[in-house]
Amino acid sequence: MKLPGPDHPITITQNPRRVRVTAGDIVIAESSKALTLKEARYPAVQYLPREDANMALLERTERTTHCPYKGDASYYSIKADGKTLDNAIWTYETPFPAMTEISGHLAFYPDKVKIEEVG
């Protein structure tokens, strides 16, 4: 486990705008409680609360990855409109202590879905 610091900063802030995630014309998640995670030089990532996602469209996969700063990530595919977007979502169900704010939240790959601020 590594801690964020000056050499690898990570900040988590409340996004003041409403965030919508769509696959085609189908809304997968929409929330006014999204968190914006900024990590080092990576693009900012929106983490939406699980309760603001249509979990009926999501299917857990076997994929897992490890981040030394956040912990172990689990993945979901999106099944909507007759299509499957494999491993389009990741989540840290039990993140490391420094990242507990993202527990219960979902992040989406922007090359698989549309992520937009709508309000």
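UniProt lists residues 19-111 as "domain: DUF427", in an unreviewed entry. Positions from UniProt are in the numbering used here, feature names are shortened, and annotations may be inferred rather than shown by experiment. What we have is a predicted model: local features need pLDDT of at least 70, side-chain atom pairs count only at pLDDT 80 or more, and totals for chains, interfaces and linings use all residues. Residues are numbered from 1 along each chain as its sequence is written, and side-chain values use heavy atoms, with hydrogens and water left out.

Back to the listed span. Residues 19-111 are 0% helix and 58% strand. The end C-alpha atoms of that span lie 16 Å apart. Helices and strands here are DSSP runs, numbered from the N terminus: helices are H or I with at least four residues, strands are E with at least two.

Now the sheets. Two strands pair if DSSP finds at least two bridges between them.

What is the strand order? The order is 1-4-5-9-8-7-6, in an open sheet with antiparallel pairing. Strand 1 (10-14) and strand 6 are the edge strands, and each pairs on one side only. From one strand to the next, the twist averages 35°. For these angles, axes are lines fitted to C-alpha atoms, for helices over the stretch in contact, and angles run from 0 to 180 degrees between N-to-C directions.

Let me walk through some of the pairings. Strand 4 (residues 35-39) and strand 5 run antiparallel, joined by three bridges. Threonine 36 has glutamine 46 in strand 5 as its bridge partner.

Next, strands 6 and 7. Strand 6 covers residues 58-67 and strand 7 covers residues 71-80; they pair antiparallel over seven bridges. Three residues lie between them in a hairpin. Threonine 65 has alanine 73 in strand 7 as its bridge partner.

There is also a charge to look at. Which ring does the charged end of arginine 63 sit over? It is the ring of tyrosine 75, with the charged end 4.6 Å from the ring centre. The rule is that NZ of Lys or CZ of Arg is within 6 Å of the ring centre and within 35 degrees of the ring normal.

On to strands 7 and 8. Six bridges join them, again antiparallel. They form a hairpin with two residues between them. In the turn, aspartate 81 has a positive phi of about 60°. Alanine 80 is bridged to lysine 83 in strand 8.

Stay on strand 7 for serine 77. Is serine 77 buried or exposed? Serine 77 counts as buried, because its relative accessibility is 3%. Buried means under 20% relative accessible area, exposed over 50%, partly exposed in between, with a 1.4 Å probe and protein chains only. The serine 77 side chain reaches the backbone nitrogen of asparagine 87 at 2.9 Å. That is a polar contact: a pair of N or O atoms within 3.5 Å; within protein, one must be able to donate a hydrogen and the other to accept it, and residues adjacent in sequence count only if both atoms are side-chain atoms.

Strand 8 also pairs with strand 9, antiparallel, over two bridges. Isoleucine 89 has phenylalanine 108 in strand 9 as its bridge partner.

Now the aromatics. Rings of Phe, Tyr and Trp (its six-membered ring) pair if their centres lie within 6.5 Å; planes under 30 degrees apart count as stacked, over 60 as edge-to-face and the rest as tilted. How many aromatic pairs does this rule give? The count is two. Tyrosine 47 and tryptophan 90 are edge-to-face, because their ring centres are 6.3 Å apart and their planes stand at 90°. This pair links distant parts of the chain, 43 residues apart: tyrosine 47 in strand 5 (residues 45-49) and tryptophan 90 in strand 8 (residues 83-91). Both tyrosine 47 and tryptophan 90 are buried.

Tryptophan 90 and tyrosine 109 make a tilted pair, because the planes are at 55°, with centres 4.6 Å apart. Tyrosine 109 lies in the loop between strand 9 (105-108) and strand 10 (114-117), and tryptophan 90 in strand 8, so the pair ties together parts 19 residues apart in sequence. Tyrosine 109 counts as partly exposed, because its relative accessibility is 26%. Together, Tyr47, Trp90 and Tyr109 are linked by ring pairs into a cluster.

Strand 2 (residues 19-23) is joined to strand 10 by four bridges, antiparallel. Arginine 20 stands opposite glutamate 116 in strand 10.
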